[in-house]
Structures are given as structure tokens and as C-alpha cells.
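Hi everyone, thanks for coming.

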Amino acid sequence: MNKKSRTEPYISTYLHSKGRKLGLPIAGNFELTARCNFNCPMCYVHMTEEQVRAAGKELTAEQWISIAREARDRGMIFVLLTGGEPLVRRDFFEIYRGMKEMGLLISINSNGSMIRGEILEKFLADPPFRFNISLYGGCNETYENMCGQPAYTRVKENIRALRKAGVEVSLNLSITPYNYQDLAQIYADAVELDVNVRASSYMYPSIRVNGEQYGCGNRLSPEDAAKYGVAWDQLRFTGEEFAVRAQNMKNLIGDEEPECPVESEEGVRCRAGSSAFWMTWDGQMRPCGMMPGPTAYPLEVGFEAAWETIKAETAKIRLPNQCTSCAKRDVCPVCAAVCVTETGAFDQVPTYVCRQTEQTICATWEAYQNRRGADSKQAEQTICTTWKAYQDGRGVEQRMEEESSEHAAEKEGN
Ligand code: SF4
Ligand code: SF4
């Protein structure tokens, strides 16, 4: 578990590649709300109840269902319900059931804290395709520090209840200045719960929350992001697997299923704006939730026209030449959203990511060498100990021999 594993079913990969060729929106990400019962400092979309009420733009259940129906009629098969925390919506199950009745395959992003009692019962009676639950720490103190609530025990219990009932759960882990010290415990939890973890120490700048503060975020330095990313790799890989990973890194060969699958070498590499779209909580369509634009308004122009705008605008996006021709590209998490949130432009090099990538390669290789060093030191140690034991044994034998000849001599003397 937690090794390089294929998390996406082949049928989904196939449908996306067909969708891309035919210009169909196979997957929709619906950000049902910006509200959340947690308050994480690195979140890219988070508003209080009061802020949302003042903005007055959160879409109604009817509006979400109507957009989903139009999208389904245009080809959508997969839906991700996300937030904020989607379960804070009182009408969540109205939306969920409405979309289920359309035959859509629904995944849910959640912090996991509310999946108990009546809510849990409802999900057990009619489970989603998958839950993606964020695990923020390995103890209540870390949760309190990072999310504002000591919810670790509760979240773990909730995940356990879902797993016990056979519901598909995958964990998301954001490695931040608030939880890097808990990595070993988080890994142990994932093993105990028997769930796959998708971890990232790269945090996008939260420009949707903080305005145009490109490249800023409540996150680790690129060097520490690399260090703790590699620390996580050391937990999840065996010595042999880590050695292969180190060799691949050194040769600049990517060996991980990327967070957003790569579909093309030109322009936007992922599915955003070619077979997938994102709806923000206030009704804006974008290629991806991390990007501040391009934007279209399906509630005003209809789904079809909005989707055509998003596809056309996404096709114009170009990444920096330095990135498209970079030898490290396959081991670097660079993408259109990374460039624009780091620099304010799609075609500018995100230096934070360059530093993190460089350091990840170095730190992986260094950790591999240290492991090899530790292994050979251990081997040397074993040889020394064996030799010492042998010598000690010989000493004893010699002493015994000496003692017995002394004894014999004494006897003879008598
Ligand atoms: S961000 Fe830096 S390391 Fe990554 S592909 Fe671009 S130039 Fe290369
Ligand atoms: S633009 Fe980046 S973050 Fe957005 S979907 Fe594509 S790879 Fe993922």
C-alpha cells in the first residue's frame, strides 16, 4: 500500500482520452460551498458563514442540479463534490440524490469530521463512488493547531466506520508547517485503516482567498517542502523501492501517477478545460479550481456556451518555454495553475517549484546514499561483532587449554 499505485480505474482513463478528443466534459468538480467547519491556514477556498451570507452568491441545490443535468446531457459521467466542506450544506443530500438519480458517479472531498450519526447512515445506505478524506495530523493537538478543532480521534473513527462498511476511502495529506512532525503517525494510521494516501508537500498560493498575493502562502519553504516530501517517501517505500525511486530521480524519470493525470505535452498538460471543468461555489466555471481564470458563467449563458468558452480559452494557455524544454519536467509538479498562482502569469517560471524540485532530487539521492551508508555500516558492524565473538571465543578456548595444561602439569608434579 501507499506505493506507486494506480488509483484511477482504466475505464476512467479511457473515457477521459475519448472526451478530450471529442471535446466532452467527462468530469465536473462542483465546489458546493466555500464554508467549512475547519479553519486551515493554507486553504485555497475558505469563507465564514457571515462572509458567504454577505456575498449572497452560494448556488442553491436546484441550481447545482440543473447545471449537473446540462453537463450530464453534454457527456459528464464523473462528479466530484467538494468545498470548503460540502457536508456543511444542510441540503447536501438533496444535491447528492439529485445527481445520483442522473446516474452520475460521485466522489466526495471531505475533512471527514461530519461523517457520523445520521449522515453516516445515509451514506451507508447509498454510498458514493469514493470519499477523498483529508487527514491533517496524527493527534488531536495537531488538528487543533492546524484546523482549529481537536478532531483527529473523531475523523479517524469516522473513516474506520466507512471502511468497516466497505466504502471506498482514499486519504489526502497536505504536508505543512503545522503537521510535518506527525508524518510517521499519519502513515501508521493509513496502514491501520488500510487506505491509500495521496500526499503533497507543495501548497498552491491561496490567491483565491488572499487576492493577488502571487507566490505567497502559509506553507513550508521549498527546501523544507522537499525535505518532508522525501521523508514521506521514505516511510511509504521499502528500501528497494526507494533505491529505484532515487535512481529514477537521478535520471529525471518521473515514476509517480501525477495528481492530475498528464494528457498532453503542449499547453495545459492535464484534463482541465479539455475533458474536465470546475464550478466555483458562486457559479463560475473554470478549467481548474486552482486557477483564477479563464472564467465563464453557465447560469447566465447556459452550460454548453460556458464549456465552449472554457475549452477555447484553455487551448490558448502556454507554459513558460523554460518549463516545456526543462529536463526536470517529468519530476516537477509544474502545471498551468502552479505558474499562474506562483507568478500571476501562465508563462512565467515558478521559482518556488524549481527550488523544491531541485531539492527533492538532491534530498532523495542523499537519503538513498545515507541508507546505503547505514546498511554498509550495519554490515561492517555485524562483521566486527562476529569477529570479536570469534576472538573472544578463541580467547576462552585458549584460556581453557592453558588452564587444562597447567592442571595436567600440577597433577604430574604431584
Ligand atoms: S518549474 Fe523549474 S524545474 Fe519545473 S519544469 Fe519549470 S523550469 Fe523546470
Ligand atoms: S492545472 Fe494543475 S492543478 Fe489544475 S487540474 Fe491541471 S494539473 Fe491539476
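I'll start with the overall picture, then take some helices, the ligand, the core and a few backbone details.

First, the ground rules. This is a predicted model, where local features need pLDDT of at least 70, side-chain atom pairs count only at pLDDT 80 or more, and totals for chains, interfaces and linings use all residues. Residues are numbered from 1 along each chain as its sequence is written, while chains are lettered from A and ligands numbered from 1 in the order in which they are written.

So, the overview. The protein has 16 helices and eight strands; here helices (H or I, at least four residues) and strands (E, at least two) are DSSP runs, numbered from the N terminus. Of its 414 residues, 38% count as buried. For burial, we count other C-beta atoms, placed from the backbone, within 10 Å of a residue's own: 20 or more is buried, 12 or fewer is exposed, and in between is partly exposed. For contacts, two residues qualify if their C-beta atoms, again placed from the backbone, lie within 7 Å. Among the contacts with a separation of 6 or more, 72% are between residues 24 or more positions apart.

Now to the helices. Take α13, residues 303–315: which of its residues are buried? They are Phe303, Ala306, Trp307, Ile310 and Thr314. Looking down the axis of α13, these fall within an arc of 100°, so they line one face of the helix; the arc is that of the directions from the helix axis to the C-beta atoms. As a reminder, an α-helix has 3.6 residues a turn, so residues three or four places apart point the same way. The partners that the buried residues of α13 pack against are α3 (61–74), β7, β8 and α12. We can check the length of α13 too: its 13 residues, at 1.5 Å a residue, should span 18 Å, and the end C-alpha atoms are 18 Å apart, which agrees. The expected span is 1.5 Å times one less than the number of residues.

The same check works for α10, residues 222–236, where 15 residues should span 21 Å and the end C-alpha atoms are 21 Å apart. Buried residues in α10 include Pro222, Tyr228, Trp232 and Asp233.

In α6, residues 140–147, the buried ones are Thr142, Tyr143, Met146 and Cys147. They cover an arc of only 100° around the axis, which puts them on the same side of α6. Part of their cover is α7 (152–164).

On to the ligand. What surrounds ligand 1? The shell, meaning residues whose C-beta atom, placed from the backbone, lies within 6 Å, includes Cys323, Cys326, Cys332 and Cys354, along with Lys328 and Arg329. Two elements, α14 (321–324) and α16 (351–413), each give two or more residues to the shell, and α16 has the largest share with three. By class, there are eight nonpolar, two polar and two charged residues. Here Ala, Val, Leu, Ile, Met, Phe, Trp, Tyr, Cys and Pro count as nonpolar, Asp, Glu, Lys and Arg as charged, and the others, Gly among them, as polar.

Staying with α16, that helix also holds Arg372, which is partly exposed, with 13 other C-beta atoms within 10 Å. The C-alpha atoms of Arg372 and Ala243 are separated by 9.1 Å, although the two are 129 residues apart along the chain.

Next, the core. The largest nonpolar core has 95 residues, and Val79, Leu81, Ala336 and Ala337 touch the most other members. A nonpolar core is a set of buried Ala, Val, Leu, Ile, Met, Phe, Trp, Tyr and Cys residues joined through C-beta atoms within 7 Å. Setting aside neighbours within four places in sequence, Ala336 is in contact with Val268, Met291, Ile317, Leu319 and Phe346.

The peptide bond from Gly83 to Gly84 is cis, with omega near 20°, and Gly84 sits in the loop between β2 (78–82) and α4 (92–101). Another cis bond joins Gly293 and Pro294, with omega about 5°; Pro294 is in the loop between β8 (285–286) and α12 (298–301).

Asp194 is not a glycine, yet its phi is positive, about 55°. Asp194 lies in the loop between α8 (183–193) and β6 (196–200) and is exposed, with 9 other C-beta atoms within 10 Å.

Thanks, and I'm happy to take questions!
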